[in-house]
Each structure stands twice: as structure tokens, then as C-alpha cells.
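User: I am new to this structure and would like to work through it with questions and careful answers. Please take me through the contacts that hold its parts together, one step at a time.

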Amino acid sequence: MKVVVVGGTGLIGSKLVTRLSRDGHEAVAASPRTGVNTLTGEGLAEALEGAQVVVDVSNAPSFEPAAVLEFFETSTGNLLAAESEAGVGHHVALSIVGTERMPDNGYFRAKVAQERLIEKSGIPYSLVHATQFFEFVKGIADEAADGGVVRIAPVLFQPIAGDDVAAALCEVAEGTPLNGRLEVAGPERVRMDEFVRQALAGLGDPREVVTDPHARYFGSELGEHSLVPLGEARLGEARYGDWAAAR
């Protein structure tokens with residue numbers, strides 16, 4: 001198949017392009033770096049010509065609530081319109097576990113808006129909801145830091161390796177549209193404060209991780225199950241300790 005990966009030069013997209021190519025598909029990495037811009041529509045029609053599947057793993061350049069909402073609504077609207085014109089038969093989008101559980105989080109609200117556009121588009125679709133990536137642990141700590149102190153809530157946390165997210169996306173892209181969602185998460189469920197504390201120690205980061213039940217996660221106060229699957233989920237293979245050691 002011809003599979004267009006929007007955001008195909010990023011962390012997950014590049015891994016997915018490699019996997020799809022390895023499986024014998026024509027995998028096209030579509031991003032502003034390759035001349036495809038979903039915000040302006042530049043290069044979209046050409047990239048989608050002859051495509052059977054589109055996988056959208058793109059990310060907003062800003063986390064500011066209004067900007068991120070505009071990004072996902074505009075880019076997804078342009079992409080779906082172009083897919084309809086090109087006759088694409090399967091739209092796959094990467095989202096986040098728990099999007100609907102944090103309405104006060106601007107980024108999560110934008111992802112919900114994106115999903116609604118996809119569901120109403122008439123194009124067969126699959127939504128892959130993933131937990132936080134191993135690769136973003138330091139970024140999570142940086143956002144929660146105040147000088148040498150990192151405040152993290154002791155809520156449930158089940159992060160996943162980027163490679164395992166790409167593997168799930170590849171399997172979904174190669175299959176029949178779900179017209180629903182698949183949740184993917186790491187194989188270990190832990191407390192977020194404990195995880196970040198151990199991860200920073202492993203990185204040689206001297207900052208102190210303080211357990212704070214009211215610590216905010218990118219602006220939102222978390223509940224016990226805000227960031228983990230509530231029901232059945234596909235579990236990744238990589239455990240954080242092994243993944244970190246390999247790196």
C-alpha cells in the first residue's frame with residue numbers, strides 16, 4: 001500500500017515510516033520539512049495521490065490552548081478534505097489516553113476536537129490512544145520544575161516506548177479500520193512521582209522530586225486514573241529499565 005505518514009519526520013513518525021517500509025509498503029513521510037504543510041494545504045494533494053492509508057502523528061508547535069486548538073482543527077480539516085478528494089480509505093490518528101478526562105487541559109481539549117472531526121468525516125478511521133512516551137520523561141520533569149525541585153503527583157502512570165507506539169500504529173494501518181479506538185500503554189503501571197524520581201536519578205539529574213498530590217500536569221490537576229487506560233489496552237514490550245539501559 002501507499003501510506004502517508006503526516007508528521008513522518010518526527011519521533012514516532014520516523015519510526016513508523018521505517019516499519020512500514022520494512023513491511024514492503026510505500027511509506028511517505030509528510031511534513032513541512034518534506035514540502036507538505038497541513039496548516040496551509042501546501043503539497044497535500046500531491047502527497048495523497050494514490051494513497052490507501054493516512055496516519056496522522058503530527059504535533060502542534062505550541063501548547064498554548066488557543067494555538068493548539070487552531071492547529072489541530074485547521075490541519076485535520078485540511079487533511080480530511082484532501083483525503084476525501086483523493087479517495088483515501090483509512091485515516092489513522094495518534095491521540096492520548098485520557099483526553100476526555102481532563103477538560104481543563106487545553107492540549108487534551110484540542111485532541112478531543114481533532115477526534116470529533118475525524119469521527120464525523122465519513123472516512124473509515126482508527127484512533128490510537130497512547131500513554132506518555134519514555135522519551136518525554138525529562139520534558140515532563142522540566143515542565144513541573146521550580147528551580148531544583150520537581151513536583152509530581154502520586155497518580156498512576158503507565159508510560160510506553162516510542163518504538164512500541166510505532167509498532168501499534170503500523171499494525172493498525174495495515175489492518176481494517178476500527179471506526180473506534182485502540183489504547184496502548186507500557187507493560188508496567190507505577191506511581192508517577194516514583195517513576196520520575198527513578199528516571200531522573202538514572203539520567204544523573206540531581207533535581208529533587210517532591211511528591212505533591214496537587215502538582216499540575218501541563219496545567220491540570222490529575223486524578224488517580226487520569227493518565228492510564230481504564231479498560232483493555234495493548235501493552236508494549238519494552239520496560240523502562242531495559243529501554244534506558246539500552247540507550
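## Side-chain pairs and burial

User: Is Asp-163 buried, exposed or partly exposed?
Analyst: The model is a predicted one, and the burial class follows from the relative accessible area, with buried meaning under 20% and exposed over 50%. For Asp-163 that area is 35%, a value that falls in between those two limits, so Asp-163 is partly exposed.

User: Which side chain does Asp-163 meet in a salt bridge, and how many residues apart in sequence are the parts that the pair ties together?
Analyst: The partner of Asp-163 is Lys-15, with 3.1 Å from N to O, and Lys-15 is itself partly exposed at 22% relative accessibility. Asp-163 belongs to helix α6 (residues 162–174), whereas Lys-15 belongs to helix α1 (residues 11–22). Because the two residues sit in these two helices, the salt bridge between Asp-163 and Lys-15 ties together parts whose separation in sequence is 148 residues.

User: What is the N to O distance in the salt bridge of Arg-181 and Glu-100, and where in the chain do these residues lie?
Analyst: The side chains of Arg-181 and Glu-100 meet at 3.7 Å, N to O, which is within the 4 Å that a salt bridge requires. The pair links distant parts of the chain, 81 residues apart. Arg-181 is placed in strand β9 (residues 181–185), and Glu-100 in the loop between β4 (90–96) and α4 (106–120).

User: Why does the pair of Arg-239 and Glu-188 tie together parts that are apart in sequence?
Analyst: Arg-239 forms a salt bridge with Glu-188, and their closest N and O atoms are 3.2 Å apart. Arg-239 lies in the loop between β14 (234–235) and α8 (240–246), while Glu-188 lies in the loop between β9 and β10 (190–191), so the parts that this pair ties together are separated in sequence by 51 residues.

User: How many aromatic pairs does the structure hold, and are the rings of Phe-63 and Tyr-107 stacked, edge-to-face or tilted?
Analyst: The structure holds 11 aromatic pairs. In the pair of Phe-63 and Tyr-107 the ring centres are 4.8 Å apart and the planes stand at 45 degrees. Planes under 30 degrees apart count as stacked and those over 60 as edge-to-face, so this pair is tilted.

User: Is Leu-200 buried or exposed, and which residues is it in contact with, leaving aside its neighbours within four places in sequence?
Analyst: Leu-200 is found in helix α7 (residues 192–202), and its relative accessible area of 1% makes it buried. Once neighbours within four places in sequence are left aside, the residues in contact with Leu-200 are Ala-141, Val-150, Asp-205, Arg-207 and Val-209.

Technical notes:
Residues are numbered from 1 along each chain as its sequence is written. This is a predicted model: local features need pLDDT of at least 70, side-chain atom pairs count only at pLDDT 80 or more; totals for chains, interfaces and linings use all residues. Side-chain values use heavy atoms; hydrogens and water are left out. Helices (H or I, at least four residues) and strands (E, at least two) are DSSP runs, numbered from the N terminus. Buried means under 20% relative accessible area, exposed over 50%, partly exposed in between (1.4 Å probe, protein chains only). Rings of Phe, Tyr and Trp (its six-membered ring) pair if their centres lie within 6.5 Å; planes under 30 degrees apart count as stacked, over 60 as edge-to-face and the rest as tilted. Contact means heavy atoms within 4.5 Å.
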